[in-house]
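Below is a short report on the backbone and packing of one model. Please look it over with the coordinates open.

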Amino acid sequence: MAYNFNQIEKKWQKEWEEKKIFCAKKNSKKKKFYVLEMFPYPSGEGLHIGHALNYTIGDIRARFKRMLGFNVLYPMGYDSFGLPAENAAIRVGVHPEKYTKKSIANFIKQQKALGLSYDWSKMLSTCEPEYYRWNQLFFLKFLEKGLAYRKKAAVNWCPKCNTVLANEQVHNGKCEYHKDTEIEIRYLEQWFLKTTEYAEELLEMIDDLNWPQRIKIMQKNWIGKSHGTEIEFEIIKNDESLGKWPIFTTRPDTIFGVTFMVVSAQHPQLMELVTDEQEKEVKDFLRKIKSVSEKELEEMEKEGVFTGSYAINPLTNEKVPVYAGNFVVADYGSGMVMAVPAHDQRDFEFAKKYNLKIKQVIAGGDIKQKAYTGQGKLINSEKFNGINNEKAKQKITKYLEEKGLGKRKVQYKLRDWLISRQRYWGTPIPIIYCEKCGIVPVPEKDLPVKLPKKVEFGKGNPLETNEKWINVKCPKCGGKGRRETDTMDTFVDSSWYYMRYPDNKNSKEPFDKKIGSYWLPVDTYIGGAEHATMHLLYARFWTKALRDLGFIKYDEPFIQLFNQGMLHAADGRKMSKSLGNVINPLDIIDKQGADALRLTLMSFASPDSDTSWDDKVLQGSSKFLKRIINYFEKVKIGKADVKTESKLNKSIKEITNQIESFKYNLAIIKIRDLFNSLPEKTSKDVLEKFLKLLHPFCPHITEELWHKIGNKTFISLEKWPVADEKKIDESLEKQEEALDKLIRDINNVLKLVGEKKKVFVYVLPNEKEMYLNEVDLIKKRTGLDIMIYAVNDKNKYDPENKSKKVKPNRPGIYLE
């Protein structure tokens, strides 16, 4: 039979869509299952092989759960705001809206070609006013509750993007979008969301999540809870007090060893500390400062400059210099740290570089070459001398508290979320500035604040070029007002989109609470590990904030998280246009079919493992599907034998468990193994169950063959087969394992010795009949003529005495 995969695949994709068989059912009494992949940014380049991998993993899960009897919600949408569309508008002169809508249409066409069982009626796009009006509503609710606020902050500014970037978007001091562009530090009034309000809960609930351990560890480290002491240091400039700064430290035991202080070079109050004499030197230093990520901060060379101010150590009354440094984070604690070079290697290197005093306060180690970071008894610490430094932490903190000079403090590395972006293609922040009333929220009845179509690109923030849109009346006093021209970070869009899918056409509220409470939280969420500390953390924050605002009742957005692996090119390198090693999934679908591509993607390795593309696996998958087609052309329907029933039911049991636990590659091995064991004549029931097992991986060919053997229903909606344990005969299974091993051994020897025509097999007398019954199968799978002898056969041909090494279920073989 000719396998016209293009015709078959298009036929069933059309049938599925016309009959709307993948639409989630309303008011169903079935148990729900919500499967979701992280929605894509619809780039103009379309679907890449990583997308195909991700969506195939999700589709297998959705099809499997649907057949298990769940009411499945499996939607798709598009994270369609963002800088790339805006940059494309500048580059090729097409409006971001037009560019994005064209890209989405292309994406949908390509996703449908993969045979994905999405409920397309639930589709959403974040750039539509019908969606982003609810971003604006949530912002106003956050503002009312004190979770949204505005402050001046040091930000990463990309002069090419003309916008603020998050720390995570800066690599080695350069923009992730424009890798040749140095980031500048600017101080701007920015809007923030108070993620720190939920720091403790975000941390506490991590352990209960059914998520990969590495993601949980990354989130814990990102939140970064520390128990320490906050100590008041008075700051002196030109012999005048600037007041006290609260300095957080986890090492109060070393306070007597403080010899200088370091304030963040990005601190908004830095210049208040700088004396006239030091101003030029400080400004020269600041011009050299690069914005870097926290990881880069750990590795970079530590540099600083004296501000001209001093701090007073509250326990020694000693004046120590205040330096501005490139290694202190502005919004961790107060943005200033106490430096103890004798007992901190970073401080030690800084002190050596700038010839600063080093004072040892913990006995042990030689501090001439490096800091002593071990434990020991305190020295040079007045009344605390002789106390073990761990005990001293408590004693010194208690003393500071008694004297009103400090207190115990829990500190988090987690920062509030800066959501302001100086760009066009994002959600407008619903705020109006009035000279008389100040900051005025846009009334809810006036939402959405829509993006104006007429703007100029390539001249800073495009929204600032439409004065008609900017100039509005103040909602409070009716006087002159100006709209906020910043838009929201696109991570706002992705923080709650999964809540919108079940009720995506609701024009009165973000979602109906009853519908939301049935479907959410998401049961299985699939996506990349690179989103661990941004999207996944923001979505958790958003869920908790909306819960406390009364929108929802659950605590966490995603019950189970699955991270797919990275698919590299055949040469093991990352796929890249510049390297010319990109695999286009649409090319493969055109030449080999979607089922062959899906089977290939799931055959390389476990779907959570990194792997490389291999054309041989694709060819093997394609041949396997053709073999299945040919088998169904020739198979005779009759009664199934006991051996086939045993093999089938054991396979059902194993494959079910493997698909449930995402071991798709192992399930495929079992499916291939089952197919290889199918006889030329068997029951319709066996054939149907085989097709059902293959269906989640290869939905088109199985739908075609399901109908070919006389069925009128969609296999996509059939029930998953259940193993009948009574039909599993372990002795038959052991015999088959022995037979498989024999065939493998023969083929392995053939590879080593080259072409042969005949194989002689030596078995124990009680095993001879079993092997004789399988002579045809052995011939078929080895391509050799075969002779089988019992080891006690006096007339056997055994020139190399192979029969002497025979053991139970381990025959001897000789080829010639």
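## Basis

This is a predicted model, in which local features need pLDDT of at least 70, side-chain atom pairs count only at pLDDT 80 or more, and totals for chains, interfaces and linings use all residues. Residues are numbered from 1 along each chain as its sequence is written, and side-chain values use heavy atoms, with hydrogens and water left out.

Helices (H or I, at least four residues) and strands (E, at least two) are DSSP runs, numbered from the N terminus.

## The open sheet

Four strands form an open sheet with parallel pairing, in the order β2-β1-β24-β25. Two strands count as paired if DSSP finds at least two bridges between them. The edges are β2 (71–73) and β25 (558–563); each has a single partner strand, so one side of each is left without a neighbour in the sheet. On average, neighbouring strands are turned by 20 degrees against each other, direction ignored.

β1 and β2 pair in the parallel sense over three bridges. Tyr 34 stands opposite Leu 73 in β2. Helix α2 (residues 49–67) packs on the sheet and touches β1, β2, β24 and β25. Its direction makes about 170 degrees with that of β1. Contact means heavy atoms within 4.5 Å. Axes are lines fitted to C-alpha atoms, for helices over the stretch in contact, and angles run from 0 to 180 degrees between N-to-C directions.

## Helix α3

Which residues of helix α3 (residues 83–92) are buried? They are Leu 83, Ala 85, Glu 86, Asn 87, Ala 88 and Ala 89. Buried means under 20% relative accessible area, exposed over 50%, and partly exposed in between (1.4 Å probe, protein chains only).

The buried residues of α3 pack against α4 (96–113) and β6 (163–165). Just after α3, Gly 93 takes a positive phi of about 75 degrees.

## Positive phi outside glycine

Lys 20 is not a glycine, yet has a positive phi of about 50 degrees. It sits in the loop between α1 (5–19) and β1 (32–37). Lys 20 counts as exposed, at 57% relative accessibility.

Asp 239 is also not a glycine and has a positive phi of about 65 degrees. Its loop runs between β10 (225–237) and β11 (240–249). Asp 239 is exposed, with a relative accessible area of 71%.

## Cis peptide bonds

The bond from Leu 447 to Pro 448 is cis, with omega near 0 degrees. Pro 448 is in the loop between β20 (438–441) and α13 (467–470).

The bond from Leu 520 to Pro 521 is cis, with omega near 5 degrees. Pro 521 lies in the loop between α15 (513–519) and β24 (522–527).
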